[in-house]
Amino acid sequence: MASPLELFRKKQKVLMVPLTILALFAFIVMDQLTPAQFPPIAGMLLFGFVFWYLGRDRGKGIQFAAVGVIIGFFVGYLYIPKVGAETVVRSTAGDIDMREYQEMVQNRQIANQFIMRSYMASLSEEEQQRPQPPRGAMFGFGRDMEDDIILEFLFRKEAEKMNLIISDDAISNYISRYTNNKLSRKAFQETCQQLGKTEGQIYDIFRDQLQARQAFQMLRPEVSLTPAQYWNFYKKFNVRQELELVALPVKDFEAEVPAPSPAEKKAFFETYKTVFPGEKGPGSPGLRQPQKVQVEYLMADYVDTEKQVPPVTDKEIAAFYEDNKERLYKNNPIPDLPAGSTVPTAPEMPAPTGPATEQPAEAPKPETGEKPTEKPPTAPTKTETPAKAETPAKPDAPAKPKTDAKPEPATKPEPKSEQPEKKEESSALAAESATFVSLLDEKPAESPVVAPKPGAETAEIKPEATTTAPPPLEPYRPLNEDLKSEIRDQLLRERTLELMKDKISDAELFMNELSDKITNPEEGATRPTPEEASKALKEYAAEHQLIYNITPMMSAQEMSESEKYPLGTAREPSINQFAAQPRTAIEQLFETPVNLTYIPYEAEDSFSSGLLSYWKIKHVDATIPEFDDPEIDQQITEQLKLEKARPLAQKRGEELKKLISGDKEMSAAIEGQTITGKKEGTELSTTTTESFSWMRTSTANASNPFSMPRPELSSISAVEGAGNEFMEEVFDNLDNGEVGVVMNADKTVCYVVKVINRIPSTPGGLTAMYQEFLKEDMFFFFSPYLPMAQMEQQQTNFEWSQELEAKYQVEKYFEQVEGPEVVAQ
């Protein structure tokens, strides 16, 4: 009989077999499972092992294990909703829990990452140096991530109602279209492997995304603008006016607002913790923290790069001049004028000629019945040589004159005398006056001349040129010091820009190589850490004389307002002049997936005259703040005081409006008044604006002459951020001479305004403008009215999506959702 120790060892050996199997299963299989798949699998393993152990002594271990596996699966499946499945969206179309929401977000990111990676894989090595992201291929509806995912869910529900099915062929055609049919089968498989997905999983993800997009495109309302709407667009660009105004900053009234109580702060926090600032309207409060990114970049600065360009030599200037003088420096004479002739605007200049002033024609005698000539015979239209005037054309003078005139002035081609040259010094006005007096003089001349017949007029009078022909122009601009300086500056600028482009192209290649090591390291290679990547960029910048910089975590608004970092005003280079508007760096950073980091992009900044190669190294999605955060507590206090101070500023504005209304000058009406109305306050002063229109065409992208102009609100130097409501008030609700009270866009300043000059300001002037509107081509490619129509479509889409959410009674519960912070490790 075996001892207890031997029995224990025997049982231990029996137990080691399933335990070893379980360990191998855990290391190999369960590592690949998602959190949603873990509970059923864990239940199957646990219950299967327990039941196998109970049935082992009876010789029915396998049968018991099978029963345990089934029971464990159902127990684990029932446990799934309790693991991270809090409901975040409720609607009549169905609910979305946290697990489903995160899965939808992940699938959206995978789809967009697949588009970017497969697109890059389809490019040649030369094209990859300056890649242009595929426009319109990325998935999304232009909303915040949470709202965007909700819309995707609702659009898929609508697609199911329409029995809208996306086939595999439709997905293949979509991928082929944005890759220009250049994506190879091998590159497709490698992209799937990089994302850790099978081909079938990629197709299923694309099927969901395309189904939602197709439903959106089929159901969205199409905007059809009326002529009245286009007339309204036209007025916004062409009606101009000037204002006289006084500013009432809202902050000046915060001293009258008491500090908020803890209860008020808590209530404010609960109301606005899930709302972005300005989400419910311009200037509306909000505490939700926006997306933030951290960016590294290398920059080629124009001033620094110019110092690295070798000086332009005189020999290079002379060579450039010789090569380009025919195209750039040729002196072209005035076209369509014979050599030696005067400008076409001075036909009267030959008037003070010798024959006209010395021998004026005598008025005919009454008995002859002839009328005096209406045109003085001394104003020929062309300057003739004496040789031509010497022999008159016979057909023009068939009859001989009755009285023989002295032929000497007309027949003797004597050399030029000094007298006409002296008369050239007198003014043409004096000569014409003298001729006019002579014609009215009743006294006959000592040697009267009978008025010739019209046909003989040119033959009887000797015209002499009264102006000297200008010296002939040199064929080319002389290469003097001014032109040398001009050419030197041009060559220096061209070479500087070329060097900057070369530097940034090389920098982007270096960052691409570093990106591959970070995001897709070779087998057995160590992935660089963020610190090592930053060190490599710093060393590269020092070696190649570039500027290295890294930003703090910044929101899109902070980046656009930053004066230290040029990313807020940077755009991708415009390689194709016929392409659409270039993508801004902010759009590239914030509209790409959260976990798509360490992907280099190139940009140019017109304000700093710099070229950049940049990538984002961190991206934090929008987050719900914590009430105990000191920074959030400060934001709550500031927003509460601002909200309570606005009515006080508007009330003060209405008081000043009553003082100004009427025929009084604004400056006289507010004399001695202060901003708050208290004696110790700041005294008011008026400001007159420049002439402005409601809308204008942006000149920010003037470097691309083939891009569509972007309409934007006009900026007014005397108004801090005049928004659309401000423009609507001063253009639509106030007439010429009227006074109003209006807030700026973010409602931080209250303005009392008076319209002092509007063009047109009368019904007749507006009618004349309408006639010009009827002649305008509103649908021309460069017309600013087409983007206005597109903006109307976008606004319609936004309002329609809100109506769709209301239709399905969507309620959101994202209080516990925090965006992941993604850092390459």
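These legends walk through several close-up views of a predicted model.

**View 1. Helices α11 and α24 cross each other.**
Start with α11, which covers residues 262-272, and α24, which covers residues 630-660. Their axes lie 10 Å apart, and the packing angle is about 95°. Angles of 65 to 115 degrees count as roughly perpendicular, so that is the label for α11 and α24. On the α11 side, look for Glu264, Lys265, Phe268 and Phe269. Facing them from α24 are Ile632, Asp633, Ile636, Thr637, Gln639, Leu640 and Lys644. Sorted by class, this contact has five nonpolar, two polar and four charged residues.

Now move along to Leu287, in the loop between α11 and β4 (292-301). Is Leu287 buried or exposed? Its relative accessible area is 0%, so Leu287 is buried. Setting aside neighbours within four places in sequence, Leu287 touches Phe268, Phe269, Tyr272, Lys273, Val275, Pro625, Gln635, Ile636 and Gln639.

**View 2. Helices α4 and α9 make another crossing.**
Here α4 (residues 98-121) meets α9 (residues 199-219). The two axes come within 10 Å and cross at roughly 105°, which makes α4 roughly perpendicular to α9. From α4, the contact uses Asn107, Arg108, Ile110, Ala111, Phe114 and Ile115. From α9 come Ile202, Ile205, Phe206 and Gln209. By class, that gives seven nonpolar residues, two polar ones and one charged one.

**View 3. An open sheet of three strands.**
In this view the strands line up in the order β2-β1-β15, with antiparallel pairing. Which strands stand at the edges? They are β2 (96-97) and β15 (811-812); each has a single partner strand, so one side of each has no neighbour in the sheet. Strand β1 (residues 87-90) is joined to β15 by two bridges. To pick out a specific pair, find Arg90 and its bridge partner in β15, Glu811.

**View 4. Strand β3 and its partners.**
Strand β3 spans residues 240-249, and two antiparallel bridges join it to β10 (residues 692-693). Gln241 has Phe692 of β10 as its bridge partner. Strand β9 (residues 687-688) also pairs with β3 in the antiparallel sense, over two bridges, and here Glu244 is partnered by Thr688. With β14 (residues 749-759), β3 pairs antiparallel over ten bridges. Along that pairing, Ala247 stands opposite Tyr751.

**View 5. The largest nonpolar core.**
How many residues make up the largest nonpolar core? There are 31, and those touching the most other members are Tyr230, Leu243, Phe726, Met727, Tyr751 and Val753. Two or more residues each come from α10 (227-238), β3, α26 (724-733), β14, α27 (763-775) and α28 (785-807). Helix α10 gives the most, with five residues. Zoom in on Leu243: leaving out neighbours within four places in sequence, its contacts include Thr687, Phe692, Phe726, Val730, Val753 and Ile756. Another core, of 25 residues, lies apart from this one, and its members include Val89, Ile149, Ala212 and Val810.

As a rule, most residues other than glycine have a negative phi, and most peptide bonds are trans.

- Ile759 and Pro760 are joined by a cis peptide bond, with omega about -5°. Pro760 sits in the loop between β14 and α27.
- Asn163 has a positive phi, near 55°. It lies in the loop between α6 (145-161) and α7 (168-178). At 64% relative accessibility, Asn163 counts as exposed.
- Lys747 also has a positive phi, near 60°. Its loop runs between β13 (739-743) and β14. With a relative accessibility of 21%, Lys747 counts as partly exposed.

Methods. Residues are numbered from 1 along each chain as its sequence is written. This is a predicted model: local features need pLDDT of at least 70, side-chain atom pairs count only at pLDDT 80 or more; totals for chains, interfaces and linings use all residues. Side-chain values use heavy atoms; hydrogens and water are left out. Axes are lines fitted to C-alpha atoms, for helices over the stretch in contact, and angles run from 0 to 180 degrees between N-to-C directions. Helices (H or I, at least four residues) and strands (E, at least two) are DSSP runs, numbered from the N terminus. Angles under 35 degrees count as roughly parallel, over 145 as roughly antiparallel, 65 to 115 as roughly perpendicular and the rest as oblique. Contact means heavy atoms within 4.5 Å. Ala, Val, Leu, Ile, Met, Phe, Trp, Tyr, Cys and Pro count as nonpolar, Asp, Glu, Lys and Arg as charged, and the others, Gly among them, as polar. Two strands pair if DSSP finds at least two bridges between them. Buried means under 20% relative accessible area, exposed over 50%, partly exposed in between (1.4 Å probe, protein chains only). A nonpolar core is a set of buried Ala, Val, Leu, Ile, Met, Phe, Trp, Tyr and Cys residues joined through side-chain atoms within 4.5 Å.
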